[in-house]
Amino acid sequence: MEINLKTPLTEEKAKSLKAGDTILLSGTIYTARDAAHKRLIELVDMGEELPFNIKDEIIYYVGPTPAKPGEVIGSAGPTTSYRMDPYAPILLDLGLKGMIGKGSRSEEVINAIIRNKGIYFGAIGGAGALIGKSIISSEIIAYNDLGAEAIRKIEVKDMPLVVIVDTEGNNLYEIGQKKYLDSKKAR
């Protein structure tokens, strides 16, 4: 089932999504990779405000390439998500609702997703140029010194995603593997 989803990602919207749903995401999201996540957690530890309000927001794990002339952004393929696992539970507990990346997540992150009724979306690795076309605006809002890893506020239109882990902890990677193994046994 393909779902058109508009940000912000409220708890009500998140609860309606199930592992395996295909999504066309539109609206405002933020970009951050591990270096930016480390700085965000340092701010939290010092009791300072984050550079954006993360309540009901989505962070895309991406370090886009420079934009070609006349384009908003360059290639914008997902980064491997486990590098953000040490930081994600804290951000989820502070109100973050969604994360976009590739690859599996730790048990601690999945528990934080369940606890906070969040969503982990998968983007297609290797399709960065295609994903970049769904980004209609991009503005660096923090940590310009990090270059490609700076935090950006981006607007997306019909960004193609898949729900990997839903609010109940259902995990598409596990579901898919079980279906495959069950089909092999049935033969």
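The following questions and answers concern a predicted model.

Me: Is E149 buried or exposed?
Reply: E149 sits in the loop between strand 6 (135-142) and strand 7 (151-165). Its relative accessibility is 18%. Because the cut-off for buried is under 20% relative accessible area, E149 counts as buried.

Me: With which side chain does the side chain of E149 make a polar contact?
Reply: Leaving aside neighbours within four places in sequence, the contacts of E149 are R33, D34, A35 and A36. For the polar contact, the distance between the two side chains is 3.2 Å. The partner of E149 in that polar contact is R33.

Me: How many residues of the lining of the largest pocket are charged?
Reply: The largest pocket has a volume of about 210 Å³. Its lining includes K68, E71 and K133, along with residues such as T65 and I135. The lining divides into 5 nonpolar and 4 polar residues, and the number that are charged is 3.

Me: How far apart in space are I175 and I164, C-alpha to C-alpha?
Reply: I175 belongs to helix 6 (residues 172-186). Leaving aside neighbours within four places in sequence, I175 is in contact with A19 and N170. I175 and I164 are 11 residues apart in sequence, and their C-alpha separation in space is 9.7 Å.

Technical notes: Residues are numbered from 1 along each chain as its sequence is written. This is a predicted model: local features need pLDDT of at least 70, side-chain atom pairs count only at pLDDT 80 or more; totals for chains, interfaces and linings use all residues. Side-chain values use heavy atoms; hydrogens and water are left out. Helices (H or I, at least four residues) and strands (E, at least two) are DSSP runs, numbered from the N terminus. Buried means under 20% relative accessible area, exposed over 50%, partly exposed in between (1.4 Å probe, protein chains only). A polar contact is a pair of N or O atoms within 3.5 Å; within protein, one must be able to donate a hydrogen and the other to accept it, and residues adjacent in sequence count only if both atoms are side-chain atoms. Contact means heavy atoms within 4.5 Å. On a 1 Å grid over the protein atoms alone, a cavity is a set of points where a 1.4 Å probe fits but cannot get out, and a pocket is an open set with protein on both sides within 12 Å along at least five of seven lines; lining residues have an atom within 4 Å of a point. Grid points are joined across faces, edges and corners, and a volume is the space filled by probe spheres set on the points. Ala, Val, Leu, Ile, Met, Phe, Trp, Tyr, Cys and Pro count as nonpolar, Asp, Glu, Lys and Arg as charged, and the others, Gly among them, as polar.
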